[in-house]
Amino acid sequence: MLFEGEQSFPVLRSVVHYHQMAGTQPVPHPVGRGWEIVEVVTSGRGWVQIDSEWVEVLPGALLWHMEGDCTIGRSDPDEPYSCFAVRIEGSLAPRHVPRLSFWPEVGQVQALAAETIRMFLDESFDRSALLDYLYSKLRYRSLLYEYRRDTVSVPEQLRSVRAMIESRYAESLKVESLAKAVGWSVPHLHDRFRAHFGTSPRQAILECRLRSAREQLVGTGLSIKEIAVATGFTHSSAFCSSFRRAMGMTPKAYRDAYYFG
C-alpha cells in the first residue's frame, strides 16, 4: 500500500489474455490508488461503465483504467469477450491517455499479447524492461487513435493546406497562395487554421522550416548558410534570428550541443 509522501516505483503485476466464459458475466473490478489496468478487447462483445453509462466495447477497443475506474463489467453471453490485460502497481501519474480508444489492427494486439505473456512468464527476463516496452507501446497506440480522430475532424480544406505546408515549406510559400488553392479568403483561412491548430499558417510554415533545420544541424555536415537556403529562408541572417527566437540559442550553439557525427 502506498501512503502520501512515499516514492512510487511502478511494477508489472500481470500480463494475461483473458477469456470470459460463455453464459457468465464478469465482475467489474474497481481500480485502486496507484494502479493502472489496461484492457484491449481481442474478440467478442463486452460493456464497460463510463460516467454512469454502459458503453459497448468490441475487438480493438483499448481501455485504460486508472484510480476510480472499473474494468469491463458485462459480457455477451453468446459471444463472450476476450481481452489482453495488463496490470501495473505503483503508478501515481495523473491520467495521460483517453479512457477509451481503439487499436483497429487486432492481429497486432494478439501478437503483442503472445510475445509479452511469454516474456512475463520467463523469470530470467527483466520485467522492468518489459513494463517499459508494454507501457510505451500501449500509450502510443492510445494517443495515436486520439491524434487520428482529431485529424479526421479537420475540414478537408485545412488538411490540404497543412499538407501543402508540410511538403512545400522550403519554397517561397505565401499564405495568399494557400488560401487561393482551397478557394478561401486569407482572413477566413487564418481564422479556421487558428481555430483547429492553435496557430497561424505563417507560423506553421516557420515551424516546419525550423524543424527541418534542427534535423539538418544535428544530422548533416551542411553549413548553416546551406541549411538556411535548403529550409526556405531568404538569407542566413533571417534564419539565425528566427532560430534564436524559437530555440533560445544560435544554430551554431544548437549544433555544438546536439551534433551526431
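Student: Does His235 count as buried, exposed or partly exposed, and what is its relative accessibility?

Tutor: This is a predicted model. His235 sits in the loop that joins helix H7 (224-230) to helix H8 (236-247). Buried means under 20% relative accessible area and exposed means over 50%. His235 therefore counts as partly exposed, at 43%.

Student: What distance separates the C-alpha atoms of His235 and Lys225?

Tutor: His235 belongs to the loop between H7 and H8. Along the chain, His235 and Lys225 are 10 residues apart. Their C-alpha atoms are separated by 7.5 Å.

Student: Which class does the angle between helices H6 and H9 fall into?

Tutor: The axes of H6 (residues 201-219) and H9 (residues 251-258) come within 8 Å and cross at roughly 50 degrees. Angles under 35 degrees count as roughly parallel, and 65 to 115 as roughly perpendicular. The two helices are therefore oblique to each other.

Student: Which residues make the contact between H6 and H9, and how do they divide by type?

Tutor: H6 passes H9 in a right-handed crossing. H6 contributes Arg214, Gln216, Leu217 and Val218, while H9 contributes Pro251, Tyr254, Arg255 and Tyr258. By type, the residues of this contact are five nonpolar, one polar and two charged.

Student: Which element gives the most residues to the largest nonpolar core?

Tutor: The largest nonpolar core has 21 residues, and Leu12, Val15, Phe84, Val86, Leu134 and Leu138 have the most contacts inside it. Elements giving two or more residues to this core include strand S1 (11-19), strand S7 (82-89), helix H1 (106-121) and helix H2 (127-152). With five residues, the element that gives the most is H1.

Student: Which residues is Leu12 in contact with, leaving aside neighbours within four places in sequence?

Tutor: Leu12 is among the residues with the most contacts inside the largest core. In soluble globular proteins, nonpolar side chains tend to be buried together. The contacts of Leu12, with those sequence neighbours left aside, are Val86, Arg87, Ile88, Phe120, Arg127, Leu130, Leu131 and Leu134.

Student: How far apart in space are Tyr145 and Leu134, C-alpha to C-alpha?

Tutor: Leu134 is one of the residues with the most contacts inside the largest core. Tyr145 and Leu134 are 11 residues apart in sequence. In space, C-alpha to C-alpha, they are apart by 17 Å.

Terms used:
Residues numbered from 1 in each chain as written. Predicted model: local features only at pLDDT ≥ 70, side-chain atom pairs only at ≥ 80, totals over all residues. Heavy atoms only, no water. Axes fitted to C-alpha atoms, helices over the stretch in contact; angles between N-to-C directions. Helix = DSSP H or I, 4+ residues; strand = E, 2+ residues; numbered from the N terminus. Parallel < 35°, antiparallel > 145°, perpendicular 65-115°, else oblique. Left-handed = near helix turned anticlockwise from the far one by under 90°. Contact = heavy atoms within 4.5 Å. Nonpolar A, V, L, I, M, F, W, Y, C, P; charged D, E, K, R; others polar. Core = buried A, V, L, I, M, F, W, Y, C linked by side-chain atoms within 4.5 Å. Buried < 20%, exposed > 50% of the residue type's maximum accessible area, 1.4 Å probe, protein only.
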